[in-house]
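Work through the exercises below with the sequence and the model side by side. Try each task before reading its solution.

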Amino acid sequence: MVDKAVQQPFEVVAGDPKHVARATRSAGRKMRSLLLDAASPLFRERGLSGTAITDIAAAAGAFPSQITYYFRTKEALFVECACRDLLYLARATEQAALKARSPREYTHALAETVTASDSIAFFAEALTLTRRRQDLAPLVERTIERLHSEGARAYAGQVVRHGWRSLRAPDESSRRFWAVAVGVILEGYAMGRSPDELCAEMLRVLGEQAKSTGDAARLRVVDDRDGSTSSDQES
């Protein structure tokens with residue numbers, strides 16, 4: 001027989017409004033994640049117009065009404081899928097570059113990972129959509145800022161960890177990399193280029209940008225206290 005003195009605290013917790021609210025929020029987050037997981041591959045394969053809400057609901061084992069409850073519209077779900085996938089890609093690029101032993105290897109690992117995915121092309125569709133749906137623009141803006149800030153943090157960590165010399169500040173390096181990635185990949189998709197061709201083009205463009213300052217493009221520390229140059233590492 002269960003001791004009532006032991007049983008009572010669990011009954012009180014289970015009936016606590018705060019406990020119920022937390023459980024509801026947790027269930028809501030889980031359902032949103034399931035819907036995003038189901039919608040993303042469908043959107044990638046069929047596009048926005050070719051994907052029905054009922055298809056997404058069926059893939060997620062949910063009801064169509066749950067999609068409108070959590071995301072309001074199919075367009076909003078599309079943009080959130082694209083934004084989430086882009087941040088997943090950014091995380092994957094950071095992980096792929098962790099073992100890099102030089103700035104050159106680091107950039108190559110980033111470019112190879114980015115061009116092997118269609119996440120940037122997917123995100124570009126979301127950008128086009130927000131041009132007509134400005135109510136969705138804040139999510140895109142937050143995603144881009146997070147993309148840049150996390151990229152800058154990752155690169156700064158590598159610079160400190162390996163004692164690399166950097167010609168540009170981490171934030172500038174991150175923004176430049178992603179700007180080149182978006183441009184090269186969108187152009188490449190239009191031209192039917194392979195991932196290997198996209199990667200080679202990214203490295204070529206990034207290399208040209210590094211060389212544009214001449215031989216002084218040897219990496220130097222970006223620090224207000226130290227303006228000296230170094231030829232320890234190449235860009």
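What percentage of the 235 residues of the protein count as buried? The answer is 37%. Buried means under 20% relative accessible area, exposed over 50%, and partly exposed in between, with a 1.4 Å probe and protein chains only.

Some ground rules come next. This is a predicted model, in which local features need pLDDT of at least 70, side-chain atom pairs count only at pLDDT 80 or more, and totals for chains, interfaces and linings use all residues. Residues are numbered from 1 along each chain as its sequence is written, and side-chain values use heavy atoms, with hydrogens and water left out.

**Exercise 1. Describe the overall fold.**

Step 1. Count the elements: there are 10 helices and zero strands. Helices (H or I, at least four residues) and strands (E, at least two) are DSSP runs, numbered from the N terminus.

Step 2. Write the order along the sequence: α-α-α-α-α-α-α-α-α-α.

Step 3. Look at the contacts, meaning heavy atoms within 4.5 Å. Among contacts with a separation of 6 or more, 67% join residues 24 or more positions apart.

**Exercise 2. How do the axes of helix 7 and helix 9 cross?**

Step 1. The axes of helix 7 (residues 119-132) and helix 9 come within 9 Å and cross at roughly 90°. Axes are lines fitted to C-alpha atoms, for helices over the stretch in contact, and angles run from 0 to 180 degrees between N-to-C directions.

Step 2. Classify the angle. Helix 7 and helix 9 are therefore roughly perpendicular. The cut-offs are under 35 degrees for roughly parallel, over 145 for roughly antiparallel, 65 to 115 for roughly perpendicular, and oblique for the rest.

Step 3. Name the residues. Ile-120, Ala-121 and Ala-124 of helix 7 meet Trp-178, Ala-181, Val-182, Ile-185, Leu-186 and Tyr-189 of helix 9.

Step 4. Sort them: nine nonpolar, no polar and no charged. Here Ala, Val, Leu, Ile, Met, Phe, Trp, Tyr, Cys and Pro count as nonpolar, Asp, Glu, Lys and Arg as charged, and the others, Gly among them, as polar.

**Exercise 3. How many salt bridges does the structure hold?**

Step 1. The count is 15. A salt bridge is a side-chain nitrogen of Lys or Arg within 4 Å of a carboxyl oxygen of Asp or Glu.

Step 2. Take Asp-37 and Arg-84, whose closest N and O atoms are 2.6 Å apart. Asp-37 lies in helix 2 (residues 17-46) and Arg-84 in helix 5 (residues 74-96), so this pair ties together parts 47 residues apart in sequence.

Step 3. Asp-37 is partly exposed at 42%, whereas Arg-84 is buried at 15%.

Step 4. Now take Arg-204 and Glu-201, which meet at 2.7 Å, N to O. They are three residues apart in helix 10 (residues 195-211), about one helical turn.

Step 5. Find a network: salt bridges link Arg-44, Asp-85 and Asp-118.

**Exercise 4. Is Ile-56 buried or exposed?**

Step 1. Locate Ile-56 in helix 3 (residues 53-60).

Step 2. Its relative accessible area is 0%, so Ile-56 is buried.

Step 3. List contacts beyond four places in sequence. They include Leu-35, Leu-42, Phe-43, Ile-67 and Leu-77.
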